[in-house]
Amino acid sequence: MTAAPILPERHEWTVDDLGDLPKDLPYELINGRLIVPSPTALHQEICVELLLAMRINCPPEFLVSIDLSMRVDRRNEPRPDVVVIRRKHAGRSPVPVEDALLAVEVVSPTSHFRDLYDKAKVYARSGVRSYWVVDPQHERIALTEYTLDGAAREYEQLAHTEDLFVTERPWKVSVDLPALTARRNDLLAVEED
């Protein structure tokens, strides 16, 4: 059995401090705060379904990936749940945020505020053109699509739905949210048996 790593105590972290972490430790750095996520299988299932939906029409110069670190600045290195990057960065981590077209976050009980506010601001200031927030915490899974208002470096909401989501950003993508809700419910029903 391997012992859990003991992390150095710091009031605020920077990307320079990340070298002190174990190489296999998944982490995010948001506004100088170190976050070590522990996603559930259900969370990861939703991420994979989103990746598959986006990959269908993905142009050859881009790549859809999950859980990939993006270098933003000294205080921020987020790991979007799903991200669209230029294919030339396929072997690189972290990837430069300026080459991300879309960041997607799937809300978990402990990440709601961080996904809706903190990360949205980090991504918008960094120029990520599109941002989706998928919320599976309610009876029906909802997806909210935001687009970047370039001058203000803030996101504007374009869509919010619990039904079939269709967009042209970054290319034509359809996400069947009722089917995703049914899949989530089926997975959780097994838990109750």
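**Entry 1: Arg169 and Glu145**

I began with Arg169, which forms a salt bridge with Glu145, the closest N and O atoms being 3.8 Å apart. The two partners belong to distant parts of the chain, 24 residues apart: I found Arg169 in the loop between S11 and strand S12 (173-176), and Glu145 in strand S9. I noted that the model is a predicted one. I then looked up how accessible each partner is. Arg169 has a relative accessible area of 36%, so it is partly exposed. Glu145 has a relative accessible area of 3% and is therefore buried.

**Entry 2: Glu162 and Arg140**

I next examined Glu162 and Arg140, whose side chains meet in a salt bridge of 3.5 Å, N to O. Because Glu162 sits in the loop between strand S10 (154-161) and strand S11 (164-167), and Arg140 in the loop between strand S8 (130-135) and strand S9 (142-149), the pair ties together parts that are 22 residues apart in sequence. I recorded Glu162 as partly exposed, at 30% relative accessible area. Arg140 also counts as partly exposed, at 34% relative accessibility.

**Entry 3: Lys119 and Glu28**

I turned to a third pair. The side chains of Lys119 and Glu28 form a salt bridge, 2.6 Å from N to O. Distant parts of the chain are linked here: Lys119 is in helix H2 (residues 112-126) and Glu28 is in strand S1 (residues 28-30), 91 residues apart. I checked burial and found both Lys119 and Glu28 to be buried. Salt bridges with shared partners also join Glu28, Glu105 and Lys119 into one network. For the model I noted a count of 11 salt bridges.

**Entry 4: Arg184**

Which side chain of opposite charge is nearest to Arg184? I located Arg184 in helix H3 (residues 177-192). The nearest such side chain is that of Asp135, 7.1 Å away. I did find a polar atom of the Arg184 side chain 2.8 Å from the backbone oxygen of His138. Setting aside neighbours within four places in sequence, I listed the contacts of Arg184 as Leu42, Pro136, His138, Glu139, Arg140 and Ile141.

**Entry 5: Asp81**

I found Asp81 in the loop between strand S4 (70-71) and strand S5 (82-86). Its relative accessible area is 12%, so Asp81 is buried. Asp81 and Val104 are 23 residues apart in sequence, and their C-alpha atoms are 5.8 Å apart in space. Beyond neighbours within four places in sequence, Asp81 is in contact with several residues, including His43, Cys47, Asp67, Val104 and Glu105.

**Entry 6: Strands S11 and S12**

I returned to S11 to see how its side chains are arranged. S11 pairs with S12 in the antiparallel sense over four bridges. Thr167 has Val173 in S12 as its bridge partner. Five residues make up the hairpin that joins S11 to S12.

**Entry 7: The UniProt record**

Lastly, I consulted the UniProt record, an unreviewed entry, which places the feature "domain: Putative restriction endonuclease" at residues 20-162. I looked up this span in the model: its end C-alpha atoms lie 42 Å apart. The span is 21% helix and 34% strand.

Note on methods. Residues are numbered from 1 along each chain as its sequence is written. This is a predicted model: local features need pLDDT of at least 70, side-chain atom pairs count only at pLDDT 80 or more; totals for chains, interfaces and linings use all residues. Side-chain values use heavy atoms; hydrogens and water are left out. A salt bridge is a side-chain nitrogen of Lys or Arg within 4 Å of a carboxyl oxygen of Asp or Glu. Helices (H or I, at least four residues) and strands (E, at least two) are DSSP runs, numbered from the N terminus. Buried means under 20% relative accessible area, exposed over 50%, partly exposed in between (1.4 Å probe, protein chains only). UniProt positions are given in the numbering used here, feature names are shortened, and annotations may be inferred rather than shown by experiment. Two strands pair if DSSP finds at least two bridges between them. Lys and Arg count as positive and Asp and Glu as negative; His and the chain ends are not counted. A polar contact is a pair of N or O atoms within 3.5 Å; within protein, one must be able to donate a hydrogen and the other to accept it, and residues adjacent in sequence count only if both atoms are side-chain atoms. Contact means heavy atoms within 4.5 Å.
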